Amino acid sequence: MKTYFIAFLFVLLLFATSSIAQDNSMVYFPEDFFGIYKGTLHISSEKGKQEVPMELHLFATDTIGAYTYTLVYGEGTSKQVRDYSLVEIDAEKGLFQVDENNGILLDTKILSNKLYTLFEVSGNLLTTFITFEKDHLIFEIVFAPTSKKNVTHGNDEANTEVISYPITTVQRAVLKKQ
């Protein structure tokens, strides 16, 4: 009986190790996520709710370390195409930039399959999160005007100042890989 129990534990351990190895498989960004993703962008703001067709296109270019990164909003006569580039700065450290191809560069941090971007434009903070999965991606933008900041202070010796910003707009889309 003891032999069967040891054999059972060995098989269980082997299975568990195999499952963990599969779950932690290497992800190569951006190569593992090239393609066209489509869906609906849901916008929730102080003005109400809105839905807009959306696409994200990510492909290689002829230049090593540079990728096409296109966002498409709307359709028909209201269609807006934003042709950007995604450029490696230091891929090992996950440092990239979104080049809007108009002089604007946005620093981007990539960890595994998720892109993080934080920037300020015209007195507004925007944080972008894009999470790539096997057959879809999750696109999120959080928007906060810096003019509405809330300054508080801690009750500690240092009287630590903390500034928070009320979020006025959230954009979120689940885009399916085509």
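Keep in mind that the model is predicted. The largest nonpolar core holds 28 residues, and the aromatic pairs come to eight.

**Aromatic pairs around Phe29**
- Phe29 and Phe33 make a tilted pair, with 6.2 Å from centre to centre and 40° between the planes.
- Phe29 is buried at 12% relative accessibility, because the cut-off for buried is under 20%.
- Phe33 is buried too, with a relative accessible area of 6%.
- Phe29 also pairs with Phe96: the ring centres sit 5.8 Å apart and the planes meet at 85°, so this one is edge-to-face.

**Cluster and core**
- Phe29, Phe33, Tyr37, Phe96 and Phe132 come together as one aromatic cluster.
- Phe29 and Phe132 turn up again among the core residues with the most contacts inside the largest nonpolar core, alongside Leu56, Tyr69 and Phe139.
- Leaving out residues up to four places away in sequence, Phe132 touches Phe29, Phe33, Tyr37, Leu56, Leu58, Asn113, Leu115 and Leu137.

**Thr169**
- Thr169 is part of strand 12 (residues 169-177).
- Thr169 has a relative accessible area of 13%, so it counts as buried.
- Setting aside neighbours within four places in sequence, Thr169 contacts Ile43, Ser44 and Ser45, plus Ile141, Val142 and Phe143.

Key: Residues are numbered from 1 along each chain as its sequence is written. This is a predicted model: local features need pLDDT of at least 70, side-chain atom pairs count only at pLDDT 80 or more; totals for chains, interfaces and linings use all residues. Side-chain values use heavy atoms; hydrogens and water are left out. Helices (H or I, at least four residues) and strands (E, at least two) are DSSP runs, numbered from the N terminus. Buried means under 20% relative accessible area, exposed over 50%, partly exposed in between (1.4 Å probe, protein chains only). Contact means heavy atoms within 4.5 Å. A nonpolar core is a set of buried Ala, Val, Leu, Ile, Met, Phe, Trp, Tyr and Cys residues joined through side-chain atoms within 4.5 Å. Rings of Phe, Tyr and Trp (its six-membered ring) pair if their centres lie within 6.5 Å; planes under 30 degrees apart count as stacked, over 60 as edge-to-face and the rest as tilted.
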